[in-house]
Amino acid sequence: MKMCCKVLKRVFLLAVVLCVCSGFVVAGKGYSVYRKALEETSLEDKVASIQEKASYTEYEELPQIYVQAVIAVEDKRFEDHMGVDLLALCRAVKNDICAGAFVEGGSTITQQLAKNLYFGQEKDLVRKVAELFVAMDLERHHTKEEIFELYVNAIYFGDGYYDVASASQGYFGKKPEEMSEYESTLLAGIPNAPSVYAPTRNPDLAAKRQLKVLERMEACGYLSTEEAETVAETAAGLLAAAQ
């Protein structure tokens with residue numbers, strides 16, 4: 001029995017050492033990818049390319065409820081972390097290991113911005129590490145408002161809309177600052193899976209996603225139960241009328 005325990009301990013220690021060594025290797029490769037990406041195009045130039053868009057929307061032009069909706073459903077600790085949410089990351093790693101595949105990213109808003117700036121949608125561990133380095137750079141050089149502003153001007157909303165202004169105009173015929181509570185919370189849910197949640201393609205799924213946004217807003221304290229229910233009733237009424 002003692003011999004068996006010793007063998008198990010040695011196997012466990014060996015597994016830990018191998019994991020640590022693998023972690024260092026992946027981190028090193030990720031850092032190399034990050035450095036190469038910045039050498040090809042600086043972060044300043046990437047940011048400028050977004051800010052130069054004709055449809056660029058500044059933070060002050062966004063309805064507060066839209067900002068709150070995005071944070072609630074995408075990154076509830078956005079205001080507190082430095083680009084990486086360790087709690088969400090650990091949860092994602094655990095779920096990915098259990099599933100044996102990339103099923104949950106644990107990405108913050110800053111990480112998603114970093115991915116859109118440099119790395120595309122490919123799911124790869126080395127790219128994920130490179131993304132973390134870019135996210136930390138973004139946090140060092142930009143305020144939270146600037147990061148959020150860049151994020152909503154660089155994400156895809158479905159139907160060929162690659163920023164919040166194009167999406168609000170395309171879906172609602174309005175500028176971002178003119179969006180209602182219903183429209184703001186609907187739009188906030190789309191980027192998670194644009195081809196699935198685009199209201200012009202799958203209105204029922206878009207409505208279900210909006211309910212998830214409202215639930216998260218209520219859980220985060222942005223909306224009271226009554227306020228969330230009012231928006232949900234408006235959404236249900238408009239969906240029924242459209243059908």
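Helices (H or I, at least four residues) and strands (E, at least two) are DSSP runs, numbered from the N terminus. The model on screen is predicted, so local features need pLDDT of at least 70 and side-chain atom pairs count only at pLDDT 80 or more, while totals for chains, interfaces and linings use all residues. Residues are numbered from 1 along each chain as its sequence is written, and side-chain values use heavy atoms, with hydrogens and water left out.

**Stop 1: a loop residue**

Select His81, in the loop between α3 and α4 (86-99). Is His81 buried or exposed? Its relative accessible area is 7%, and His81 is therefore buried (under 20% relative accessible area; exposed is over 50%, partly exposed in between, with a 1.4 Å probe and protein chains only). Leaving out residues up to four places away in sequence, His81 touches Asp75, Thr108, Thr110, Glu139 and Lys144. Contact here means heavy atoms within 4.5 Å.

**Stop 2: a charge over a ring**

The charged end of Lys144 sits over the ring of Phe78, 4.6 Å from its centre (NZ of Lys or CZ of Arg within 6 Å of the ring centre and within 35 degrees of the ring normal). Next select Lys46, which lies over the face of Tyr118 at 5.2 Å from the ring centre.

**Stop 3: aromatic rings**

The structure holds 10 aromatic pairs. Rings of Phe, Tyr and Trp (its six-membered ring) pair if their centres lie within 6.5 Å; planes under 30 degrees apart count as stacked, over 60 as edge-to-face and the rest as tilted. Now select Tyr171 and Phe172, both buried.

**Stop 4: helices against α11**

Show α3 (residues 64-74) and α11. Their axes (lines fitted to C-alpha atoms, for helices over the stretch in contact, with angles from 0 to 180 degrees between N-to-C directions) are 8 Å apart, at an angle of about 90 degrees. That makes α3 roughly perpendicular to α11 (65 to 115 degrees; under 35 is roughly parallel, over 145 roughly antiparallel and the rest oblique). From α3, Ile65, Gln68, Ala69, Ala72, Val73 and Glu74 meet Arg209, Val213, Arg216, Met217 and Cys220 of α11.

Finally, select α9 (residues 181-189) with α11 (residues 203-220): their axes come within 8 Å and cross at roughly 100 degrees. α9 and α11 are therefore roughly perpendicular to each other. Their contact includes Tyr182 and Leu186 of α9 and Val213 and Met217 of α11.
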